[in-house]
Amino acid sequence: MSNRFEDRLAKLRKELSARGLDGLYICGEPNVAYFTGKKGNDCALYVTGDEAYIITDFRYREMAQQFTWLTYFEQFSGKFLYDLLNSRPEKRIGIEKDRILYSQVLALKDKCPEKEFVPVEDIVLALREVKDEFEIEATRKACAVAMKAFDHMCGFLRPGLTEREAAAELEHFMKMNGAEDLSFDTILITGAKTSLPHGVPGDEVIKKGDFVTMDYGCKVDGYCSDETRTVAVGQPTQEMIDVYNIVLEAQLNACNNIHAGLTGKQCDSFARDVIEKAGYGEYFGHSLGHGTGLEIHESPRYAQTNNEPIKAGTIVSIEPGIYLPGKFGVRIEDLALVTEKGIINFVTAPKELIIL
Ligand SMILES: [Mn+2]
């Protein structure tokens with residue numbers, strides 16, 4: 001019986017032989033985690049046609065020795081990565097050009113002069129695009145924690161709180177309710193700052209009549225959630241309500257029409273067309289969505305630049321927004337599994353404008 005990590009190693013080996021590579025050195029932390037199920041700090045892998053080593057040091061010995069599908073290689077206790085590579089017969093060894101440090105490339109070339117190091121695109125990231133049952137469930141659980149936190153924040157947000165206080169409450173709540181980590185730095189912004197798509201929470205105070213935008217997520221079993229809601233604290237202006245409802249219409253149109261087989265560009269257009277028709281096209285300056293997984297930004301992308309068909313089994317965010325500089329902004333984001341028939345939305349928190 002092979003476990004899911006052995007299945008992944010088998011898939012990787014097919015990719016390596018298709019590229020004429022004898023081995024792959026994997027140092028990207030989430031790429032290592034994909035083959036261990038644990039955070040991969042200071043761990044690397046070396047995968048060949050018949051072996052798969054985990055290369056780490058004493059601090060991680062006990063953990064790494066439990067990965068029975070990997071051969072443990074302890075660095076620094078008189079042995080180094082170079083010794084391992086030099087003891088092996090492989091000649092053409094792939095290195096992850098988007099992950100490896102330039103200094104390490106120089107060192108490898110210096111210490112292993114017999115080897116050919118081939119910079120390759122992120123092969124493991126590509127394998128990670130389509131999710132298995134475990135990954136789908138982990139993402140669903142992370143979204144459930146985040147939605148519980150949204151409910152909590154609807155009762156907590158009030159005039160007089162600073163953005164940073166509100167963000168701290170949100171993060172604390174998620175950790176106390178099953179989150180093992182944050183997916184990314186929490187965005188919790190208010191008032192005119194909501195026009196910054198990735199604004200950073202600061203000392204600004206929530207005032208009556210403000211929008212508050214919360215874009216945040218947590219990790220469960222290693223997998224990220226990603227959700228954005230914009231709520232009003234006190235009665236908003238008519239312009240705020242109108243813009244909110246345009247973003248909502250765009251978001252719902254995308255949710256209702258996206259399915260596997262459409263291109264990333266077609267998916268993006270479901271939302272963009274609505275916003276352009278309403279006259280706000282120039283204020284929606286980012287793409288509609290991105291894949292998530294072990295990392296917050298993965299493939300595929302819902303973007304005008306993506307002409308590839310979206311695969312079934314991918315998990316992608318759906319997050320249109322309108323940002324009016326100096327005034328306010330609105331974004332609404334769900335995270336959904338893509339199937340042949342449509343999406344399965346993991347974020348079922350209310351989307352109609354909430355006025356607290
Ligand atoms: Mn997102």
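The legends below accompany close-up views of a predicted model.

View 1. The chain is divided into domain 1, covering 4–127, and domain 2, covering 133–345, and the centres of domain 1 and domain 2, taken over C-alpha atoms, are separated by 35 Å. Where the two meet, 8 residues of domain 1 are in contact with 7 residues of domain 2, and the area buried between domain 1 and domain 2 is about 600 Å², with carbon and sulfur atoms giving 53% of that area. On the side of domain 1, Arg4, Pro30 and Leu125 lose the most area to domain 2, and together they account for 55% of what that side buries.

**View 2. Polar and charged pairs between the domains.** Between domain 1 and domain 2 the count is 3 salt bridges, whereas the rule for polar contacts finds 1 residue pair across this interface with both residues at pLDDT 80 or more. The helices α1 (4–18) and α2 (29–33) each supply at least two residues of the side of domain 1 that touches domain 2. A salt bridge is formed by Asp181 with Lys39, and the closest N and O atoms of this pair are 4.0 Å apart.

**View 3. The largest nonpolar core.** This core holds 36 residues, and the members that touch the most others are Leu157, Met174 and Met214. At least two residues are supplied by each of the helices α7 (133–156) and α8 (163–176) and of the strands β9 (210–216), β10 (218–220), β12 (227–233) and β18 (334–338), while the largest share, 11 residues, comes from α7. Leaving aside residues up to four places away in sequence, Leu157 touches Ala166, Ile206, Val212, Met214, Val231, Val233 and Leu356. Another core, of 35 residues, lies apart from this one, and its members include Met240, Ala260, Val274 and Ile275.

View 4. Thr263 is placed in the loop between α9 (238–257) and α10 (264–277). Its relative accessibility is 17%, so Thr263 counts as buried, the limit for that class being under 20% relative accessible area. When residues up to four places away in sequence are not counted, Thr263 touches Asn306, Asn307, Glu308, Pro309 and Ile310.

**View 5. The salt bridge of Asp42 and Arg59.** Asp42 and Arg59 form a salt bridge in which the closest N and O atoms are 3.2 Å apart. Because Asp42 lies in the loop between α2 and β2 (44–48) and Arg59 in the loop between β3 (52–56) and α3 (61–64), the pair ties together parts that are 17 residues apart in sequence. Asp42 is partly exposed, with a relative accessible area of 49%, and Arg59 is exposed, with a relative accessible area of 56%. The backbone at Asp42 also deserves a remark, as this residue has a positive phi of about 55 degrees although it is not a glycine.

**View 6. Arg88 with Asp50 and Glu90.** Arg88 forms a salt bridge with Asp50, the closest N and O atoms lying 3.1 Å apart. This pair links distant parts of the chain, since Arg88 sits in the loop between α4 (81–87) and β5 (92–96) and Asp50 in the loop between β2 and β3, 38 residues apart. A salt bridge is also formed by Glu90 with Arg88, the closest N and O atoms being 2.7 Å apart. Arg88 is buried, with a relative accessible area of 14%, and Glu90, at 7% relative accessibility, counts as buried, whereas Asp50 counts as exposed at 61% relative accessibility.

**View 7. A network of salt bridges.** Salt bridges link Arg99, Asp122, Arg128, Lys131, Glu295 and Glu298 in a network. The structure as a whole holds 29 salt bridges.

**View 8. Backbone details at Pro300 and Phe76.** Ser299 and Pro300 are joined by a cis peptide bond, with omega about 0 degrees, and Pro300 is found in strand β14, residues 298–302. Elsewhere, Phe76 has a positive phi of about 80 degrees although it is not a glycine. Phe76 is placed in the loop between β4 (71–74) and α4, and at 51% relative accessibility Phe76 counts as exposed, a class that begins over 50%.

Note on methods
Residues are numbered from 1 along each chain as its sequence is written. This is a predicted model: local features need pLDDT of at least 70, side-chain atom pairs count only at pLDDT 80 or more; totals for chains, interfaces and linings use all residues. Side-chain values use heavy atoms; hydrogens and water are left out. A nonpolar core is a set of buried Ala, Val, Leu, Ile, Met, Phe, Trp, Tyr and Cys residues joined through side-chain atoms within 4.5 Å. Buried means under 20% relative accessible area, exposed over 50%, partly exposed in between (1.4 Å probe, protein chains only). Helices (H or I, at least four residues) and strands (E, at least two) are DSSP runs, numbered from the N terminus. Contact means heavy atoms within 4.5 Å. Domain bounds come from an automatic or database domain assignment. Buried area is the accessible area (1.4 Å probe) that two parts lose on being put together, summed over both. A salt bridge is a side-chain nitrogen of Lys or Arg within 4 Å of a carboxyl oxygen of Asp or Glu. A polar contact is a pair of N or O atoms within 3.5 Å; within protein, one must be able to donate a hydrogen and the other to accept it, and residues adjacent in sequence count only if both atoms are side-chain atoms.
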